[in-house]
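Biologist: I'm new to this one, and I'd like to know what the labels rest on. Could you show it to me first?

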Amino acid sequence: MKTITTTQDLAAFCEEAAKHPYVTVDTEFLRERTYYSKLCLIQLAFNGDGEDDAVLVDPLVEGLDLAPLYDLFQDAGVVKVFHAARQDLEIFFVDQGIIPTPLFDTQVAAMVCGFGEQAGYETLVRKIARDSVDKSSRFTDWSRRPLTDAQKKYALADVTHLRVIYEFLSDHLAKSGRKKWVAEEMAVLNDPATYRVDPANAWKRVKTRTNSGKFLAVVRELAQFREAHAQARNIPRNRVFKDDALVEIASTKPQSEKDLGRSRLLLREARKGDIAAGILDAVKAGLAVKPEDMPRSESPREKLQVNPALADMLRVLVKSKADNEGVAQKLIATSADLDAIAGGVRDVQALRGWRKEVFGADALRLCNGEIGLAVKGEKVVTFEI
């Protein structure tokens with residue numbers, strides 16, 4: 001098991017990897033005590049015939065420059081293969097603003113190929129690579145050095161098995177004509193906006209029980225301050241203050257540190273200093289928002305007049321389509337999508353792209369009363385009306 005600790009060795013590996021059609025990639029990181037993930041290890045492999053075709057890269061070694069890896073990431077002739085790539089990609093984007101291209105996510109591909117709603121890596125290793133994963137090192141501290149042999153073995157397996165999985169899924173997609181389906185799904189992962197967290201939009205993640213514009217204006221300002229403070233200091237947002245404390249503050253609207261001291265939910269260290277000042281400024285700014293500038297809860301679908309019978313029929317239809325096509329049902333349409341369609345909404349993902357071909361077109365015809373559903377043997381089929 002080779003561990004790369006110099007820029008020269010990394011450049012040599014990446015130069016060799018660039019001669020191959022794909023490279024598998026995985027990372028190990030920590031995020032419990034930071035806002036941004038701390039990259040602790042990078043695993044890389046290409047399908048060669050030598051001992052050095054799968055390596056570990058130690059980014060914690062002083063002086064190691066990841067530039068050769070980023071050059072490989074931008075080589076359009078080499079597919080970069082990840083499994084459940086979202087968090088891995090965020091690390092590289094935050095570090096260098098780079099998204100590996102072309103990109104292939106085996107979790108997405110596996111869902112398209114009928115391996116279930118959340119195609120876990122262990123499941124794919126078992127079903128495709130006919131092997132198993134030793135999980136004993138999964139939750140170890142990847143920032144500690146030296147790494148144990150067990151850690152190295154576990155980490156390397158994440159990219160060696162991935163070669164078999166990628167080749168199987170890629171072949172399956174080519175034969176089924178579904179490569180364009182996966183390409184559509186990659187659009188979100190290839191979008192830089194996926195990895196940018198705008199503090200101004202942080203309030204939308206906070207769950208509240210009221211849609212009052214005045215209340216939400218304070219929530220918005222508090223959430224924006226918290227997110228910006230956490231980003232600037234690279235600490236988890238909950239270390240600033242938690243959601244329940246945010247909602248409490250938005251309700252009580254404290255005007256002084258003395259008022260903050262009466263909070264039941266605010267952390268002690270947040271009742272003074274920079275955080276306390278930020279909270280009080282946020283409350284003041286929220287209360288000063290003009291009525292026309294107040295935020296509105298983005299939950300219009302909750303007010304939809306959903307036809308429950310039609311929603312149930314759409315659920316039967318999507319299950320039937322998923323079974324017939326061998327595609328994960330949730331990938332075609334979520335429960336929220338089905339309720340939205342039954343309520344008259346047409347701007348939903350399930351009615352676009354490959355989903356429209358598989359399900360959306362018939363879903364609209366069902367809503368318009370043009371087709372019905374019937375049971376034929378063990379299958380549900382559509383018929384013209």
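Modeller: Here is how a few of the charged pairs got their labels. Keep in mind that this is a predicted model.

Biologist: Fine by me. What makes K19 and E16 a salt bridge?

Modeller: The closest N and O atoms of K19 and E16 are 3.3 Å apart, and the rule asks for a side-chain nitrogen of Lys or Arg within 4 Å of a carboxyl oxygen of Asp or Glu. So the pair counts as a salt bridge.

Biologist: And why is K19 called exposed?

Modeller: Its relative accessibility is 60%, and exposed means over 50%. E16 has a relative accessible area of 33%, so that one is partly exposed.

Biologist: Why do D58 and R145 count as a salt bridge?

Modeller: Their N to O distance is 2.8 Å, and the cut-off is within 4 Å. This pair links distant parts of the chain, 87 residues apart: D58 is in the loop between β4 and α2, and R145 is in the loop between α5 and α6.

Biologist: How many salt bridges does the rule give?

Modeller: The count comes to 23.

Key
Residues are numbered from 1 along each chain as its sequence is written. This is a predicted model: local features need pLDDT of at least 70, side-chain atom pairs count only at pLDDT 80 or more; totals for chains, interfaces and linings use all residues. Side-chain values use heavy atoms; hydrogens and water are left out. Buried means under 20% relative accessible area, exposed over 50%, partly exposed in between (1.4 Å probe, protein chains only). Helices (H or I, at least four residues) and strands (E, at least two) are DSSP runs, numbered from the N terminus.
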